[in-house]
Structures are given as C-alpha cells and as structure tokens.
Amino acid sequence: MNVSLAKDLSVYQLVMGVQAPPKPLSLSPATLLSLVRAQIDLLIEQQIAATLWVKLPPDKIWQSELARYQSSVGASSLIYSCQIDESRKREAGEDKEEGRLNISSSPSSPSSNYVPVHLPPDSQMRRENFLMVLSPQFCSLILAHRPLKKRKNQTSGKVNTNKNQPLLIITTVEGRVIQQVLNSIQQAIAPESSSILPASFICPTVPQPALMNQLLAKQLLRQDEINRQIITVRTNKLEQQNQELHNKEQLKDEYLKNVCQELRIPLTHMKTALSLLNSPNLKPPQRQRYLQMLNTQCDQQNSLITGFLELVQLEQNFDGTTLELVRLSDIVPGVVSTYQPVAQEKGIMLAYTVPTELPSVWCVTGKLRQIVINLLHNSLKFTPNGGQVWVRARNQGDYVQLEFRDTGIGIAENEIPKIFDRFYRVRTAATEDYGGAGLGLTIVQQLLLRCGGSISVKSKLSEGSTFTVQLATAGNMPRAIATENEL
C-alpha cells in the first residue's frame, strides 16, 4: 500500500478550525496514556475493526497499545502510524516545488495492515500526538498538542522552548469534528495514492449510548490505574529519600561519636597527669615526666580539633572549592628544608629530587604545601633512627607523580585499605606511641579528590612505605574545572 500527501497537515489546526471546536484541556502525558489505553480497551472488548490514524511517542509503552489492538482484532484493522523521521533527507529537487510528503509502507512493517507514515523533521505534526478511530459504528479522536512557549534568552538573544509544559489535550466523539479532519486528509492525498477509506464512509454523528458508557467507565478505570502507579512511584521515591536521610544521620551520629571518643582520650591522660602532679612525694624527674605528658596530650588534642575542623570545612565547601596551578619546585624544597632539623635529630637521611622543568599542576588553592607536610611528617614519624626518606617527583603523561618513600616500620597488608579512614591509626607491636590524630591522610585524600588527583600506597612491615601522589598537569584540566568553564 502506498499513500502520499500533496501537503503537510496539522491535526490540531484542523480541529481548532471547525465551528465551535472542542475546548483543549491542559493535562499531563500520564492522562493522555490513560485515555489511549481506555480507547484500545473498548475497541478490543467490542471487537471493533477500525482504521486508525495515529501519531504516538516511539516509546514501547505507547507502541505496545497498537500491538495489543492488532493482535486482538487481527487483519480486519488498518493502522496508519505517523512517525517523525529525523534521519530522512530529501533528495535535491525531489518534489521541491510541490512540497510533497511521501508516505509508504516500510519494508520492515510487522504486517500488511500496518502502514508507517514517515514525516519530515519540519512537519506541522511534530508537536502533536493523536489517535483517530474510524469505523461505521464508532469514531473518536484523542489529540495532544504541545504548544511553543517562546522566551528570549537575555544573554544569547536566542528563543528557547520549554519542554516541560503540560499538553493541550482534546478528546471528542463528535462526528462533525472527526469528519472534517478526515475530509481534509482525504483531500490532501495525492491522486496516485491509495484511498484510506471508502468514498461513501461517513462518521456516525454520535456513538451508541452503551458504547459511550463503557468508554467512560474504562477511562475512569485506566485513570485510576495510572494514578495508583504514580502514587506508588512517588511513595517509593520518598521512602528511598527517607532511607538516605536516615543513613546520613546514622553516619553523622557515628562520626560525632568517634570524635567525642578521640577527644576524650587525651583528656583522660591529662587528668591522670594532673592527679599525679598533686602527689606530695613527687620527685623532680617524675614531675618533669608528667609535665611532658600534659604537653604531649595538649598537642594531641589540638591536632584532633584542628584536623576535625579542617575536614568539616572541606565537606561544607565542596562545591566552592577553587583550584590553582602551582609548581612542585616552588613548594617541596622549602618543606623539606623545614624538616631537615627533625631528620638530623633522628639521624635520618632526608633527600629530595624535584626537577625545575616539571609542568605546573592543579591543586586546591593554597593546599599543596599542606599535602607535602602531612606526607613528609608521616614518613619521618614512622621511620626509626638511622633510616632514610626520599621525596621524588617526575612526569607521567598527563600527570606529575610525587613520591614519598621511607625505610620505616611499614604497614600490614590488611591495614592498608583502612589508613585513609578518619581517626584510623596504624597498630604496631612497638611500645612507642606515635601519637597523631589519625586525620592527616584523610585530609590529604580529600584534597586530592577535589583537584582531580589521587594517592596510593605500597608497604611492607619492617621494610618501609611508599606513598604516591598524582596531580593533573596544566594541560589536563580536572573535570570539575572543565565543567565550570563550560558553564
């Protein structure tokens, strides 16, 4: 079967052009779906073999309704399915003067009573969806039109369309309206095309009352079904959001609990030292040791509070993080020289290699120095007297790799995945208390995540550890910065 139209049409304009046209209602796509389903239900129940003119969204949920009707009524029905063909291009000069739109059966049509109607991208039907039922005993039209709402972009001056507008939906069983639409389509059919209906076909003025009652009942049932589905989806979404909020609250409570426990430890030690200092038989060496304990625990608590506040600030300002380009050769040597006296006191050989020709890297503004300090401090703290610590930097494609390697006590394999957790401190068999808040590595990791960098670690007990930082070079802009520039 071959059908072609000599001109493009708009079903919405045809309906609105009749005398006393039906009033459009502003409704949702879900309501349109319920109306279409109710119509198909009636046709199947009454076994009405009709000719359908349709243009529905390409989604399976819509197309399955046509398949459901075809499979129930069989070959006695005929469906003309209009589809916007985005990939179709008109050949140069073909029907250019007449502006003719060719409509033909697709070779891949599922059956002979299904005629795909390929519309050009600029068709007037582009913003329309409809289902028109044509049969001697029952005719109906469900039409949805998405109007163009023009609004001018103040920056670019371009006119944008709002795709979130509700649909203007018209539903009618008036024979005069449907007949005028049908007549206009018949008149637009090219002479060489097959007729879509017998010339003697006339739409019934009004359907039988029994059919109308059944149609209304089915519309109510389908609308109720759609409403229940919408309520179920919204309820599930709210339950999911509530569960996410509950999980966040639990994590927050657990975090605060850990903070309180960590702050209590140095307080307990300080209280013990103060109690011992009140002893009347205290000797000078003991007094000195308890005073040193107080000083150490005060430093410990200050480190905890400082680290905790810094983590809170990082989390609060996640979206407002700013990056800068910085050279490692401007930062690393100064930090290493600051820690040379500490290394010399422990007899540790501390050295660095940072070529000046290395490219600049992206880092959170003002935070590269802190990253280097935290990692170098850890290497020196866990390296025993007489050990060695190296800091090396080299180019690795789109990244610069900064390596901190030491001959320290090392980390057990089962502990490596935990060392970046908040307040986690490596457990050692040694009697020495290495102190620390257990937040330094967490802060380093969070800073690197915000600038498109990363950190990894390799370690063996009693042999040492190697922490490797990767920072994006100037030519490899992190995704967060790239997105901000695009906006």
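Which residues in H8 meet which residues in H9?

Reply: This is a predicted model, so local features need pLDDT of at least 70 and side-chain atom pairs count only at pLDDT 80 or more, while totals for chains, interfaces and linings use all residues. Residues are numbered from 1 along each chain as its sequence is written, and side-chain values use heavy atoms, with hydrogens and water left out.

Start with the pair you asked about. From H8 come Gln370, Ile371, Asn374, Leu375 and Asn378; they meet Gly440, Leu441, Ile443, Val444, Leu447 and Leu448 of H9. To meet here is to be in contact, with heavy atoms within 4.5 Å. By class, this contact has 7 nonpolar residues, 4 polar and no charged ones. Nonpolar covers Ala, Val, Leu, Ile, Met, Phe, Trp, Tyr, Cys and Pro; charged covers Asp, Glu, Lys and Arg; the others, Gly among them, are polar.

Now the geometry. H8 spans residues 368-381 and H9 spans residues 440-449. Their axes come within 10 Å and cross at roughly 145 degrees. Axes are lines fitted to C-alpha atoms over the stretch in contact, and angles run from 0 to 180 degrees between N-to-C directions. The crossing of H8 and H9 is left-handed: the near helix is turned anticlockwise from the far one by less than a right angle, where clockwise would be right-handed.

H9 itself is largely enclosed by the rest of the structure, because 7 of its 10 residues are buried. Buried means under 20% relative accessible area, exposed over 50%, and partly exposed in between (1.4 Å probe, protein chains only). The buried residues of H9 are Leu441, Thr442, Ile443, Val444, Gln446, Leu447 and Leu448. Among them, Leu441, Ile443, Val444, Leu447 and Leu448 also meet H8.

H8 has another partner, H7 (residues 332-345). The axes of H7 and H8 come within 10 Å and cross at roughly 30 degrees. H7 is therefore roughly parallel to H8, a term for angles under 35 degrees. This crossing is right-handed. From H7, Val332, Val335, Val336, Thr338, Tyr339 and Ala343 take part, and they meet Arg369, Val372, Ile373, Leu376, His377 and Leu380 in H8. The classes here are 9 nonpolar, 2 polar and 1 charged.

Step back to the whole protein. It has 10 helices and 18 strands. These are DSSP runs numbered from the N terminus (helices H or I, at least four residues; strands E, at least two). Of its 487 residues, 43% count as buried. Take contacts between residues at least 6 apart in sequence: 74% of them join residues at least 24 apart.

The loops deserve a stop too. Thr473 sits between strand E18 (464-472) and helix H10 (479-486). Thr473 is buried, with a relative accessible area of 8%. A polar atom of its side chain lies 3.0 Å from the backbone oxygen of Asp398. Beyond its neighbours within four places in sequence, Thr473 is in contact with Pro359, Ser360, Val361, Trp362, Asn395, Asp398, Tyr399 and Val400.

Ser462 is in the loop between strand E17 (454-460) and E18. Ser462 is exposed, at 66% relative accessible area. Its phi is near 70 degrees, a positive value in a residue other than glycine. Gln47 also has a positive phi, near 50 degrees. Gln47 lies between helix H2 (29-45) and strand E3 (51-55), and is partly exposed at 46%.

Terms used:
Polar contact = N/O pair within 3.5 Å; in protein donor to acceptor, adjacent residues only side chain to side chain. Parallel < 35°, antiparallel > 145°, perpendicular 65-115°, else oblique.
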